[in-house]
Amino acid sequence: MRFSDSDFDKFFHAKKNFVASIVWKYTRSEDVANDMIQETMIRIYTNFERVIMVEHQNAFVHRITVNTVINYLRKNKKASLETTFDPELHDLFFQSSEDAENAIIAKEVNNVFYSIIDKMTEKRKKIILMRVIEGKSFNEIGEILDITDVNARNIFSVSMKKLKEEMDKRMGVTYA
């Protein structure tokens with residue numbers, strides 16, 4: 001089946017916000033998000049005949065988007081860590097000392113959270129991010145990853161237990 005550029009234009013306008021919301025949740029950077037939206041749409045365009053034939057287009061587009069972002073973050077991990085000016089940290093100096101301290105602690109917890117997740121398998125990482133960051137249901141996660149919702153729930157549960165144990169260990173939390 002051949003498609004025209006106007007078919008893709010309609011698809012693009014229908015899915016752009018969907019793709020943008022996924023990308024933004026992973027990158028939190030407007031410049032990177034714009035690059036990733038463009039890269040995702042290029043990948044969708046090159047595979048458009050397959051995309052329009054898929055029964056669950058949103059799940060397929062979601063998978064392409066997440067894979068594009070993960071590939072980008074892997075390739076550019078070093079570059080993203082070499083930021084010289086952190087606006088969030090800069091803003092902390094203009095808050096009350098208690099608010100600033102809480103914000104610094106929250107940022108540190110967030111960094112530990114993502115460093116632990118980065119070491120997990122791709123499937124565990126995707127399930128946690130889709131559930132925690134994107135708020136997807138286990139049914140949606142199962143559909144996207146082509147697993148059952150029960151399997152998604154079990155992987156999530158085991159992964160969260162390991163995540164909690166590792167966070168407790170790194171943050172120095174002990175229980176009596």
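Helices (H or I, at least four residues) and strands (E, at least two) are DSSP runs, numbered from the N terminus. The model is predicted: local features need pLDDT of at least 70, side-chain atom pairs count only at pLDDT 80 or more, and totals for chains, interfaces and linings use all residues. Residues are numbered from 1 along each chain as its sequence is written, and side-chain values use heavy atoms, with hydrogens and water left out.

The protein holds ten helices and zero strands. Its elements run α-α-α-α-α-α-α-α-α-α from the N terminus. Of its 176 residues, 32% are buried. Buried means under 20% relative accessible area, exposed over 50%, and partly exposed in between (1.4 Å probe, protein chains only). Contact means heavy atoms within 4.5 Å. Among contacts with a separation of 6 or more, 63% join residues 24 or more positions apart.

Helix α1 spans residues 5-27. Two packed helices are described by the angle between their axes and the distance between the axes. The axes of α1 and α4 come within 10 Å and cross at roughly 45 degrees. Axes are lines fitted to C-alpha atoms, for helices over the stretch in contact, and angles run from 0 to 180 degrees between N-to-C directions. Helix α1 is therefore oblique to α4. Angles under 35 degrees count as roughly parallel, over 145 as roughly antiparallel, 65 to 115 as roughly perpendicular and the rest as oblique. The crossing of α1 and α4 is right-handed; that is, the near helix is turned clockwise from the far one by less than a right angle. On α1, the contact is made by F11, K15, F18, V19, I22, V23, Y26 and T27. On α4, Q57, N58, V61, H62, T65, V66, V69 and L73 take part.

T65 lies in helix α4, residues 57-75. T65 counts as buried because its relative accessibility is 0%. Its side chain reaches the backbone oxygen of V61 at 2.7 Å. Neighbours within four places in sequence aside, T65 is in contact with V19, I22, V23 and T40. V19, I22 and V23 belong to the α1 side of the helix contact.

D146 is found in the loop between α9 (138-145) and α10 (149-171). Most residues other than glycine have a negative phi. D146 is not a glycine, yet has a positive phi of about 60 degrees. At 67% relative accessibility, D146 counts as exposed.

Conventions. A polar contact is a pair of N or O atoms within 3.5 Å; within protein, one must be able to donate a hydrogen and the other to accept it, and residues adjacent in sequence count only if both atoms are side-chain atoms.
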